[in-house]
Each structure stands twice: as structure tokens, then as C-alpha cells.
Amino acid sequence: MPVRGSRGGTYLDQQTLVAAGAPAPGSFEGNGRGSHLLGGQRAAAVSTVSTVVFIGGVIALFVFAPGAAAVRHTFFNPQQMKQAFLGDPSKGLYSVGKGLILNIEMFLIAEVLILFFALVIAVLRQLRNPVLFPFRMLAVVYTDVFRGVPLIIVIYGIGFGAPALYIRGVSTQSDFVYGIVALVLSYSAYVAEVYRAGINSVHQSQVAAARSLGLSQWKSLRFVVLPQAVRTVIPPLLNDFISLQKDTALVSTLGAVIEANRAAQIDSSTLFVYSSYTVAALLFLCLTIPLARFTDRLIARDVSRRMAGGATVR
Amino acid sequence: MRKTFVLVIFALIGLGLTAVASSASPASSSKAASAVLTAKASSCSHASIARDVYKIGSLTVATDSPAYEPWFSNNTPSNGKGYESAVAYAIAKQLGFSKSQVKWTVEPFDASFAPGPKKFDFDINEISYTEERATVVSFSASYYDVQQALIAMRNSRIVKHHTPADLRTYVFGDQIGSTSLAFINTELRPTQQPSVFNTLNDAKSALQDGRIQALVADTPTAQYISSSEIPKSVLVGQFPSTGEHYGLLFAKNDPLVACVNKAIATLKANGSLAKFQKEYLGIYTSVPTIKP
């Protein structure tokens with residue numbers, strides 16, 4: 001009989017159930033719970049009707065409301081949406097599409113740095129060696145401070161504070177750099193906590209087993225705990241990165257970074273319409289929805305892999 | 001069975017539509033009523049205007065916060081000091097409102113042009129008239145003709161070197177939404193993209209810290225910044241007029257516009273506007289002109 005963790009046992013039970021024809025856990029399909037939830041054909045028809053009426057009502061509200069024409073002109077003006085996407089320098093209008101490239105750049109650079117720094121902080125917090133107490137302390141203070149202060153204030157503080165200090169090499173960086181530093185500082189605090197939750201989710205017996213096999217404390221962390229911890233927290237990590245993608249827009253408050261949202265703001269206040277914001281919103285959705293779907297796929301893959309692992313590891 | 005469901009669907013959709021349509025009708029009838037009022041308001045007597053305002057019995061005037069000098073004083077629009085505050089009270093007086101009947105409200109610039117009902121009778125906030133903007137809101141006639149001016153730190157190269165070719169080489173900055181920003185982009189056309197800040201105060205601090213080399217603002221604002229706000233800054237000069245002017249902002253087709261325009265014309269003719277300009281913007285008359 002193989003050595004199997006408590007989880008393996010559970011998954012095996014589910015596997016057997018699925019094989020026996022029961023619905024997969026978490027799904028409403030099949031002939032069991034699903035049809036009970038919807039209450040049969042009659043209920044299905046009623047739910048269809050209510051959905052159609054609800055959606056129809058919402059659409060009707062947008063089409064027939066007294067101010068609908070004004071809203072369409074201001075928010076969904078095709079000509080102005082096109083103009084906002086492409087920009088028009090001769091009228092002093094900025095391109096929202098070009099601005100989005102800056103958002104993507106900031107996001108990609110910040111994400112790599114955050115993944116690294118947050119892991120360092122989480123590990124520091126996990127160390128139990130009394131000599132390292134000051135570092136542990138520092139990690140706690142850091143996460144408390146940067147999780148507690150609103151991101152916009154961190155951005156302002158660094159972007160307006162650093163140049164005012166007149167320190168060579170620090171005060172002459174671009175707003176782009178200051179913005180990324182602020183994003184990394186703030187998000188690393190969140191992500192460190194996500195990592196820590198992952199580390200804590202690995203059962204103590206895993207560490208005990210690793211130590212009894214002769215692995216050092218560091219090696220058991222590196223080869224046993226972290227791989228399991230990181231795999232568990234990938235979905236919440238990606239959730240934080242979806243949020244990071246949007247928050248790159250806040251860097252524009254520093255002035256020199258004309259990203260998508262700022263470009264939309266300028267266009268809006270120049271022409272007195274909000275169609276440019278609609279363009280920015282659509283572009284941000286184009287960024288975040290693929291990442292959300294990717295997260296779903298990762299979760300699904302992870303679940304199936306663990307189940308397979310539970311059944312086949314002998 | 002199915003047929004009845006389909007029927008129910010259509011009946012409900014129909015109900016939904018009629019509900020929306022009927023909710024729309026009171027608004028259209030009130031519009032008709034306001035059209036009648038417009039006809040009456042053309043006389044611009046206080047009685048006819050008083051029924052047409054946002055809040056009966058008072059004139060609600062909006063501006064942004066902070067309200068900048070020298071257009072307002074001490075961020076307190078209700079003190080009657082500062083050019084725009086003085087103009088607002090003078091217009092109110094022409095329309096038959098006493099000083100205590102003028103109610104001030106804060107309206108962020110970005111919100112002032114949102115569709116939907118306005119929470120003010122007019123907004124006075126250094127807003128420039130442009131053709132595109134006038135398709136969304138209504139503007140009054142000009143109460144101030146604007147020229148753009150250049151502010152820089154005293155030791156900056158731009159103070160001595162500002163030919164059109166020179167001007168393209170500097171890093172400019174401005175407040176979001178200002179026509180000064182549009183002026184930089186369309187007239188000065190610098191090679192490096194100008195910085196765009198949330199507020200004028202952010203732009204001022206960027207100028208002070210050397211993050212931008214020059215700031216463009218209307219001449220009175222520029223004069224105030226360089227003389228009273230940023231130490232060691234100077235007003236380099238003002239650009240020739242592009243025909244730009246400030247107008248009061250109203251809801252589109254507000255019947256009040258005609259009467260307010262009448263009031264502005266009176267204030268222009270009797271020298272009140274000139275008097276306010278001398279009183280509040282008076283130190284700003286001898287500014288050198290830069291040829292763009």
C-alpha cells in the first residue's frame with residue numbers, strides 16, 4: 001500500500017463516485033442535484049422567461065429612457081470612440097490605444113518584481129531562527145504599512161516626494177519608474193500575504209516528513225513547502241494581477257505617464273464627452289478577461305491533476 | 001404549455017416597454033412646460049426667471065474646489081472677491097437676485113459636462129468655449145477674453161530663449177482638461193510629450209521640483225502663480241490671443257442663457273466688467289507678448 005496523504009484519500013473517494021455515475025463535485029449538471037435545483041422543466045421555462053424579461057427591461061431602459069439619446073451621444077458616440085482610440089494631435093487629443101501600451105509595460109515589469117519581492121518577504125516572515133528576528137519584524141511592519149496605505153497615496157508620496165529630495169540618482173528618475181516602484185511596494189505587501197497563506201496551507205506533517213528524511217530547514221522549505229504553497233495560491237495571485245492591471249492607471253497622477261485612462265480623461269475634458277472612457281474600459285476588459293479565463297483554466301487543470309495524482313500514485 | 005409561456009414573455013416585455021415609455025412622458029411634458037417658460041423668460045423679468053431656476057427663489061452658482069486666485073479669493077466663492085465671484089454676483093443682481101439669494105455649490109470640472117440634470121443654474125470656473133464643447137452644454141457670451149502665458153523658474157533657459165523653434169525643445173506640463181494643454185499641443189508642439197496633472201497645484205509643484213520646465217496658464221492665473229505662489233518663478237510672457245474666451249456653463253439649451261447674456265451685455269456696456277478686471281486682474285496689464 002502506498003504512502004498517501006489525507007488528501008489523496010479524499011480525492012480517491014470522489015473519483016470512485018464520479019466513476020459510479022455521480023455528478024462531478026461542484027457541477028450542477030447531470031440527473032442528481034442539478035435538476036432539483038432548477039425544479040424541473042416548468043421551472044426552467046419560468047427562469048427563461050424571467051431572464052428574457054430582465055434583460056429586455058434593461059435594454060429597454062437604455063433605449064427608451066428620457067435621457068437615452070444624451071447618454072448615447074456622450075458615452076457611446078462611435079465617431080468619438082474612434083477618435084479617442086486613435087488620438088488626434090492636431091486637436092490636442094491623445095490616443096487611448098497608445099496609452100494602453102504603457103499600462104501593459106508597467107504591468108509586466110511590476111508583476112515580475114512583485115512576484116520576487118513578495119516571495120522574499122513571505123519567506124522572511126516564515127523564518128523561525130531567533131537571530132533573524134529583526135528581519136521578521138521588518139517584514140511584518142512592511143506588510144502592515146503598505147497594505148494599509150491607499151495605493152494612490154504611495155504613488156503620490158514617491159512620485160512627488162522623491163524629486164523634492166534632490167538626491168542624485170533618486171530624484172531624477174522618470175515618473176514611469178516612480179510609478180512602478182510604488183506599484184511594487186504596495187502590491188508586494190498583498191502578494192506576500194497570499195504567499196504566506198499558501199505556505200501555511202501546507203500541512204506541518206509535510207515539513208516533519210521532509211526533516212525526518214534529513215533535509216535541512218531551508219531545503220525542506222525550498223523543495224517541499226514552497227512548490228506546494230505556490231501551486232495552491234496561483235489563482236489568488238492571478239486575481240491580484242488582474243487588479244494590478246487596472247491600478248497601473250493610477251500612475252498617471254504623476255503627470256508624465258499618459259496611459260490609457262489619462263488619455264481618455266484628456267479627451268473627455270477637451271470635448272466634453274465620455275466616449276473615450278468607454279474606449280478605455282473596453283480596452284482594459286480586453287486585457288483582464290483573457291487573464292481571468294486563463295486563471296479558470298489553471299484552476300481546472302490543477303484540480304484534475306491532483307485528482308489524477310490521488311488515483312494513480314502508488 | 002409552451003405557447004402560453006411565449007405569450008407570457010411577450011406580454012411581460014410589452015408591459016416593461018409601456019412602463020418605461022410612461023415614465024418617459026412626464027419628463028417630456030415638463031420639457032414642454034419649460035418651453036412655455038422660455039417664451040415668458042424672454043422678457044427676463046425677475047418673476048419669470050425665478051420660476052426657471054434650479055432652486056426656486058435663489059440663483060445656484062457652481063465652481064470647482066479649490067477655486068483658484070485671482071478668479072476667487074481664499075477658496076471662498078461667497079465672499080464676492082476675485083473676478084469670477086464678482087462677476088457672478090453682478091449677473092445675479094442684474095437678474096434681480098439679492099446677494100443672500102446667491103447659493104454656491106461645488107461642481108468638479110469633470111462632472112460639469114455630464115449628461116443628466118444639472119445641480120446648478122450656471123458654472124463659473126474658467127471654462128473656455130469651444131465648438132465641440134458647445135454641442136454638449138450651452139455657454140454664455142464671453143465674460144473674459146483669454147490669452148495663454150508662460151511661467152518658468154527664473155534661472156531656466158526658457159526665460160531668454162523662447163522662439164518658436166526653442167519652445168519645441170522644452171518639457172511642458174499642465175492641468176488636465178485645460179485649454180492651455182491643448183494650446184501646448186496644437187500651437188507650441190513640443191517634441192517631448194507634456195506632463196498632464198490632476199490639478200494645477202500638482203503642476204506647480206512639478207515646476208518647482210524641476211520635473212517640468214514650463215507651465216502654460218491663462219495670463220491672470222500665470223501672473224498670480226509667478227508673483228505670489230512659486231518663489232523664484234517668472235511670467236516669461238503671454239501669447240497673442242487665439243480668440244479664446246471664458247463662458248458660463250449651462251445645461252444644454254437652458255432658457256436662462258438668453259437672460260444671462262443680456263446681463264453680461266449690460267455689464268460690458270456700463271463698464272462693470274472692465275472695473276472688475278482692473279480691480280482683480282489689474283496688475284496683469286503690462287505683460288510682454290511672445291510671438292509663437
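**Domains and a helix pair in chain B**

Modeller: Chain B is divided into domain 1 (46-145 + 244-284) and domain 2 (148-238), with bounds that come from an automatic or database domain assignment. The C-alpha centres of these two domains of chain B lie 27 Å apart. Their contact takes 11 residues from domain 1 of chain B and 9 residues from domain 2 of chain B; two residues are in contact if their C-beta atoms, placed from the backbone, lie within 7 Å. On the side of domain 1 of chain B that touches domain 2 of chain B, there are 6 nonpolar, 1 polar and 4 charged residues. In this classification, Ala, Val, Leu, Ile, Met, Phe, Trp, Tyr, Cys and Pro count as nonpolar, Asp, Glu, Lys and Arg as charged, and the others, Gly among them, as polar.

The model is predicted: local features need pLDDT of at least 70 and side-chain atom pairs count only at pLDDT 80 or more, whereas totals for chains, interfaces and linings use all residues. Residues are numbered from 1 along each chain as its sequence is written, while chains are lettered from A and ligands numbered from 1 in the order in which they are written.

I turn now to the helix pair. Helices (H or I, at least four residues) and strands (E, at least two) are DSSP runs, numbered from the N terminus. The axes of helix α3 (residues 83-94) of chain B and helix α9 (residues 256-269) of chain B come within 9 Å and cross at roughly 110°. α3(B) is therefore roughly perpendicular to α9(B). Axes are lines fitted to C-alpha atoms, for helices over the stretch in contact, and angles run from 0 to 180 degrees between N-to-C directions; angles under 35 degrees count as roughly parallel, over 145 as roughly antiparallel, 65 to 115 as roughly perpendicular and the rest as oblique. The crossing of α3(B) past α9(B) is right-handed, a term for a near helix turned clockwise from the far one by less than a right angle, left-handed being anticlockwise.

From α3(B), the residues Ala90(B), Ile91(B) and Gln94(B) meet Val260(B), Ala263(B), Ile264(B), Thr266(B) and Leu267(B) of α9(B). By class, this contact of α3(B) with α9(B) has 6 nonpolar, 2 polar and no charged residues.

Chain B also touches its partner: 34 residues of chain A are in contact with 38 residues of chain B. On the chain A side, α3(A) gives the most, with 9 residues.
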